[in-house]
There are 2 protein chains.
Amino acid sequence: MTELAELPAAPGAARTQGRPRSSRAHEAILEAVLDLLEEGVTVEALSMEAIAARAGVGKATIYRRWAGKDELLLETLIKLKGPPTQPLGDSVRADLIRLLSVVGQKDERAVRVMPCLMPEVSRSPEAYRIWQEAITEPRREVMREVLRRGVATGELRADLDLEVTVTMLISPLLLHRMVRWNPRLDEVDDLPEQIVDVVLRGVTA
Amino acid sequence: MTELAELPAAPGAARTQGRPRSSRAHEAILEAVLDLLEEGVTVEALSMEAIAARAGVGKATIYRRWAGKDELLLETLIKLKGPPTQPLGDSVRADLIRLLSVVGQKDERAVRVMPCLMPEVSRSPEAYRIWQEAITEPRREVMREVLRRGVATGELRADLDLEVTVTMLISPLLLHRMVRWNPRLDEVDDLPEQIVDVVLRGVTA
DNA sequence: GGATTCCGATACGGTTCCGTTCCGTATCGG
DNA sequence: CCGATACGGAACGGAACCGTATCGGAATCC
């Protein structure tokens with residue numbers, strides 16, 4: 001049987017003897033999970049058989065690496081979302097527009113995967129915690145920092161509620177890009193600018 | 001076997017002979033579906049066996065009424081969301097606050113069910129259409145009407161973009177009440193007022 | 001070259017759910 | 001009272017999936 005040439009094995013593996021694990025198979029498995037989620041399969045309905053088939057891999061190859069679906073999913077999601085976009089340090093307005101513009105643009109796939117994660121997140125406190133810590137909170141913090149800068153320069157009101165403002169900025173974009181909550185917004189091509197302008201006018205000192 | 005007393009059969013049933021269908025069983029089935037969805041079972045993972053067991057009903061009783069899971073779900077969701085809350089016709093500000101305040105309050109159960117519907121909605125164009133027509137669009141229209149009144153009275157800018165404004169008002173509430181996107185907002189007790197005030201200041205004439 | 005480990009593939013017994021088909025009983029119209 | 005239909009419950013054959021085991025071959029270390 002013709003075996004694919006192997007990449008130089010996963011880093012950090014403390015293995016000493018025998019054939020090293022194929023990093024090619026490793027990647028194929030993670031990719032298969034994302035593929036399936038992207039197609040609309042929920043976490044709950046995601047089957048190990050389907051993952052193995054999609055990855056072109058034996059089930060044993062999956063179970064050799066992860067104890068079960070949960071651990072596999074955790075690693076997959078961490079891979080999915082890299083570090084958040086950083087502001088450029090221009091004006092508050094330009095930075096906010098920049099941060100909003102990348103929502104669902106930089107991560108086409110992540111946007112399609114997210115709705116499939118929602119049931120899990122709203123049911124399991126553990127899933128909720130991971131989702132908060134790894135995905136949403138770091139992105140909110142970046143935006144908070146921009147707003148704090150605006151408060152420090154006097155551009156924004158000193159008594160600004162950071163949490164409310166951050167939520168007001170991101171929520172419309174998230175809801176539109178993730179679930180297309182209001183399809184009429186498809187025709188609005190400068191949504192980030194419009195949102196930032198309304199909010200900034202509302203919270204300017 | 002002690003049979004429960006029957007309510008006077010579902011209306012519109014053109015049946016003439018034999019024992020009429022139990023409207024009690026009918027209701028129990030719909031209720032069971034909502035119960036299960038509320039507990040975090042996704043549409044995909046919702047099983048007819050579980051529904052029948054929860055409703056205290058034979059599976060045949062379900063299949064006698066609906067051809068499959070899809071048709072049963074459709075009827076369930078239509079039952080779930082009644083007509084949207086109506087504005088009182090006070091000030092624009094008071095009406096908007098009122099509309100935002102009921103998000104996820106009037107319909108405790110609907111809020112918990114919604115996340116479980118998201119995967120289905122984002123995967124199936126048909127589900128998306130039904131969701132838009134039956135749930136989100138009627139509620140947006142109520143809010144648009146309030147905004148149009150504000151424009152007519154000169155309270156709001158004449159060139160106001162209704163879609164963007166509606167989305168800016170509702171999205172933060174939806175995201176918070178449905179998936180608790182930002183847990184720090186739990187401590188904010190006047191979120192609707194704050195949002196309305198910022199947006200109104202941003203779009204005042 | 002020999003030991004060891006991983007590879008993809010296949011098969012296993014066990015579980016859950018499907019949609020249907022029977023029961024024996026209950027409840028209606030005529 | 002009788003015929004017709006619905007009821008809850010149980011069982012069916014078939015399908016999908018679980019996690020494990022086993023296979024012959026392939027890759028790497030000692």
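This is a predicted model: local features need pLDDT of at least 70, side-chain atom pairs count only at pLDDT 80 or more; totals for chains, interfaces and linings use all residues.
Residues are numbered from 1 along each chain as its sequence is written, chains are lettered from A in the order in which they are written, and side-chain values use heavy atoms, with hydrogens and water left out.

**Chain A as a whole**

- Chain A has 9 helices and 0 strands, where helices (H or I, at least four residues) and strands (E, at least two) are DSSP runs numbered from the N terminus.
- The pattern along the sequence of chain A is α-α-α-α-α-α-α-α-α.
- Chain A is more spread out than a compact globule, because its radius of gyration is 21 Å, well over the 17 Å that the globule rule gives for 205 residues. The radius is taken over C-alpha atoms, and the rule is 2.2 Å times the number of residues to the power 0.38.
- Along the principal axes, the C-alpha atoms of chain A fill a box of roughly 70 × 40 × 30 Å.
- Of the 205 residues in chain A, 48% are buried. Buried means under 20% relative accessible area, exposed means over 50%, and partly exposed lies in between (1.4 Å probe, protein chains only).
- Of the contacts in chain A with a separation of 6 or more, 59% are between residues 24 or more positions apart; contact means heavy atoms within 4.5 Å.

**The interface between the chains**

- On chain B, 46 residues are in contact with 46 residues of chain A.
- The two chains bury about 4200 Å² between them, and carbon and sulfur atoms give 65% of this area. Buried area is the accessible area (1.4 Å probe) that two parts lose on being put together, summed over both.
- Between chain B and chain A there are 20 residue pairs in polar contact, both residues at pLDDT 80 or more. A polar contact is a pair of N or O atoms within 3.5 Å; within protein, one must be able to donate a hydrogen and the other to accept it, and residues adjacent in sequence count only if both atoms are side-chain atoms.
- On the side of chain B that touches chain A, helix 6 (108–123), helix 7 (125–152), helix 8 (162–179) and helix 9 (191–203) of chain B each supply at least two residues. The largest share, 10 residues, comes from helix 8 of chain B.
- That side of chain B divides into 24 nonpolar, 10 polar and 12 charged residues. Ala, Val, Leu, Ile, Met, Phe, Trp, Tyr, Cys and Pro count as nonpolar, Asp, Glu, Lys and Arg as charged, and the others, Gly among them, as polar.

- A:Met118 lies in helix 6 (residues 108–123) of chain A and is buried, with a relative accessible area of 4%.
- Beyond its neighbours within four places in sequence, A:Met118 is in contact with A:Trp131, B:Pro115 and B:Val179.
- A:Thr85 is in the loop between helix 4 (69–80) and helix 5 (92–101) of chain A, and counts as buried at 13% relative accessibility.
- The side chain of A:Thr85 makes a polar contact with that of A:Lys106 (2.9 Å).
- Leaving aside neighbours within four places in sequence, the residues in contact with A:Thr85 include A:Arg98, A:Leu99 and A:Val142.

**Salt bridges**

- The count over all chains is 52 salt bridges, and between chain B and chain A it is 4. A salt bridge is a side-chain nitrogen of Lys or Arg within 4 Å of a carboxyl oxygen of Asp or Glu.
- A:Arg184 forms a salt bridge with B:Glu137, with the closest N and O atoms 3.1 Å apart.
- B:Lys79 and B:Glu27 form a salt bridge (3.1 Å, N to O). B:Lys79 lies in helix 4 of chain B and B:Glu27 in helix 1 of chain B, so the pair ties together parts that are 52 residues apart in sequence.
- B:Arg112 forms a salt bridge with B:Glu38, with the closest N and O atoms 2.5 Å apart. B:Arg112 is in helix 6 of chain B and B:Glu38 in helix 1 of chain B, so this pair ties together parts that are 74 residues apart in sequence.
- B:Arg148 forms a salt bridge with B:Glu145 at 2.6 Å between the closest N and O atoms. Both lie in helix 7 of chain B, 3 residues apart, about one turn of the helix.
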